[in-house]
Amino acid sequence: MDSRKQLLVQQAQRTPPCKADAGGKEGTYNRRAQFHASAWLYGNAEADPRLWLSPAELAVAIRLRLGLPIAPMPSICRLCGTGSADVDGVHARSCFSGGRRTRMHNALRDVIADFARRGLLAPAVERPVFSNTERKRPDISYVRDGTTVVLDVAVTFPLQPSNPQYAKRAAEKPGGAATAYATAVKEGKYRGIIDNEPNPREWLAVPLVVDTFGAWCPGALTELRQIARKSALREDRTASAACQDFFHQLSFQRDNRRKHTDRDW
């Protein structure tokens with residue numbers, strides 16, 4: 001990382017996130033303030049430059065962190081062609097046109113599988129693992145301490161204008177949107193399948209849900225830290241260093257700030 005970018009990152013690290021964004025949206029502070037939500041700031045400065053945000057992306061990320069507008073005026077979204085790309089970046093965080101939702105999902109899945117592989121967990125990616133169905137293929141599965149763990153990755157947008165109650169619940173605490181989505185959608189997805197397995201107690205389904213501000217649901221944080229610790233043991237480094245590296249890479253891949261820079265502001 002060049003010295004100019006490193007100085008910007010260091011200054012951003014010393015500046016706490018703004019308690020409200022430029023549009024006054026409630027609860028954004030809780031999401032920005034969650035542990036690991038701003039992991040894009042805390043990677044290894046000597047790491048591959050491709051694992052750091054570009055100068056344009058970094059400028060947008062810092063403005064969002066400080067609650068500043070990212071554009072001088074609204075415009076039509078160049079991805080979907082119908083939505084208004086507001087100056088606060090709300091539409092940009094929720095617009096997944098052009099296959100971006102799939103690419104973001106797959107990028108997160110691949111980073112998690114890579115760290116699980118480095119921890120010798122032998123992860124299987126999108127393969128049938130259940131004895132009673134082949135239709136459900138979890139994003140990642142592996143055996144840890146005699147338990148088959150199935151992981152389901154998802155990204156959710158907490159400020160959904162079509163669902164104000166969801167946004168209200170999501171604003172109440174860090175990881176609120178991710179937790180609400182994991183509870184409402186993901187947890188029941190595998191419950192019936194696992195209950196029909198010969199030994200259901202030997203299975204564990206973990207939703208890995210993150211919102212577009214970077215806040216993870218609590219169950220995801222627990223499982224991801226375990227994966228990081230496994231990789232640390234195999235690579236002879238501290239668990240904290242492995243966690244920092246892991247969440248930095250996840251934040252980089254999850255972060256759709258580059259979507260903001262796809263528009264000609």
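In helix H5, the buried residues include Arg100, Met104, His105, Ala107, Leu108 and Arg109. Val111, Ile112, Ala113, Phe115 and Ala116 of H5 are buried too. Buried means under 20% relative accessible area, exposed means over 50%, and partly exposed lies in between (1.4 Å probe, protein chains only). Helices (H or I, at least four residues) and strands (E, at least two) are DSSP runs, numbered from the N terminus.

This is a predicted model, in which local features need pLDDT of at least 70, side-chain atom pairs count only at pLDDT 80 or more, and totals for chains, interfaces and linings use all residues. Residues are numbered from 1 along each chain as its sequence is written, and side-chain values use heavy atoms, with hydrogens and water left out.

Start with the length of H5. Its 19 residues should span 27 Å at 1.5 Å a residue, and its end C-alpha atoms are 27 Å apart, which agrees. The expected span is 1.5 Å times one less than the number of residues.

Now the sheet. Four strands form an open sheet in the order S3-S4-S5-S6, with mixed pairing. Strands S3 (124-125) and S6 (203-211) stand at the edges with a single partner strand each, so one side of each has no neighbour in the sheet. Two strands pair if DSSP finds at least two bridges between them. S5 (residues 147-156) and S6 pair in the parallel sense over nine bridges. Leu151 stands opposite Val206 in S6. Val155 has Val210 of S6 as its bridge partner. S6 is mostly covered, with seven of its nine residues buried.

H5 (residues 100-118) lies across S3, S4 (140-144), S5 and S6, and runs at about 150 degrees to S5. H8 (residues 218-235) lies across S4, S5 and S6, at about 105 degrees to S6. Contact means heavy atoms within 4.5 Å. Axes are lines fitted to C-alpha atoms, for helices over the stretch in contact, and angles run from 0 to 180 degrees between N-to-C directions.

Leu120 follows H5 and has a positive phi, near 60 degrees. Ala122 lies in the loop between H5 and S3. Its phi is positive, about 50 degrees, although Ala122 is not a glycine. Ala122 counts as exposed because its relative accessibility is 63%. Asp145 sits in the loop between S4 and S5. Phi of Asp145 is also positive, near 55 degrees, in a residue other than glycine. With a relative accessible area of 70%, Asp145 is exposed.
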